[in-house]
Amino acid sequence: MPKVYTTEELIQILAAERQACLKGERLKLEVTVSGNPVIDQFIRTDGFQKFTAYQDFKTAIHDYQREHHVSGIVWREMTVKGKSLRYPEVDTELVGLTSDIAILQSAKNSILNFWYEVTTDMDLYLSFNNSKQYQQITTDDVERIAQRTEWASLWKWENPNFLEMILQLGWGNPEEARYKRGRPHSGSEYIHSVNPGNLPIG
């Protein structure tokens, strides 16, 4: 029986392939930018060929994941204000299986509770227009959004003078929700919490 690669091994394989594509060691040569041979001869296509080669490889890895039931879940740990949380998220280069979505859903409440605990007295903003604009909101607004969503994830930007906590409240497939290309079946809302007087940067 052939060996089935683990989640960690697939992440390493994708990282190595991404580097190979960036170095130009892998190109999808038949790719053209416009499809018009007259125009394409004047356009540099190597960057597009590298990107497409990697995307094709990544799609093959995603197919492998589904075929062999290899989870896309990685476990993260975050510490903020002396409080720590270990939580699951789907790796940004992998897809979430149905069983992964169930894991994310079961972790939603603990992620929300942690976020509420560490963001007390912080200003809250909802991002929109692809995180180019922000609207200040309240905890009640966050609770309404949380009720309509299936799972949550966290990020933080932190230095000695600044803290921003980002709460992703999502539904559907995480890989589609992240880039807003799966709406209405998959999507996310991003809540940014910052210390009073600061604005989000993430």
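Guide: Let's start with a hairpin: E1 and E2 form it with 2 residues between them, and Lys 81 in the turn has a positive phi of about 55°. Helices (H or I, at least four residues) and strands (E, at least two) are DSSP runs, numbered from the N terminus. This is a predicted model, where local features need pLDDT of at least 70 and side-chain atom pairs count only at pLDDT 80 or more, while totals for chains, interfaces and linings use all residues. Residues are numbered from 1 along each chain as its sequence is written, and side-chain values use heavy atoms, with hydrogens and water left out.

Visitor: Ok, how many bridges do E1 and E2 pair over?
Guide: Strand E1 (residues 73-80) and strand E2 (residues 83-90) share 8 bridges in the antiparallel sense; strands pair if DSSP finds at least two bridges between them. As an example, Trp 75 has Pro 88 in E2 as its bridge partner.

Visitor: Zooming out, how many helices and strands does the protein have?
Guide: There are 6 helices and 7 strands. Starting at the N terminus, the order is α-α-α-β-β-α-β-β-α-β-β-α-β.

Visitor: And what order do the strands of the open sheet have?
Guide: The open sheet has 5 strands in the order E4-E3-E7-E6-E5, with antiparallel pairing. Its edge strands, E4 (133-137) and E5 (151-159), each pair on one side only.

Visitor: How many bridges join E6 to E7?
Guide: E6 (residues 162-171) and E7 (residues 187-194) run antiparallel and are joined by 8 bridges. Leu 169 is bridged to Glu 189 in E7.

Visitor: Which strands does H4 lie across?
Guide: H4 lies across E3 (123-128), E5, E6 and E7, at about 35° to E5. H5 packs on the sheet too, touching E3, E4, E6 and E7.

Visitor: At what angle do H4 and H5 pack?
Guide: H4 (residues 98-118) and H5 (residues 139-148) pack at about 170°, with their axes 13 Å apart. Axes are lines fitted to C-alpha atoms, for helices over the stretch in contact, and angles run from 0 to 180 degrees between N-to-C directions. The two helices are therefore roughly antiparallel, a label for angles over 145 degrees.

Visitor: Which residues meet there?
Guide: Lys 108, Leu 112, Trp 115 and Tyr 116 in H4 meet Thr 139, Val 142, Glu 143 and Ala 146 in H5; contact means heavy atoms within 4.5 Å.

Visitor: Last one: what share of the protein's residues count as buried?
Guide: Of the 202 residues, 43% are buried, meaning under 20% relative accessible area (1.4 Å probe, protein chains only).

Technical notes: Angles under 35 degrees count as roughly parallel, over 145 as roughly antiparallel, 65 to 115 as roughly perpendicular and the rest as oblique. Buried means under 20% relative accessible area, exposed over 50%, partly exposed in between (1.4 Å probe, protein chains only).
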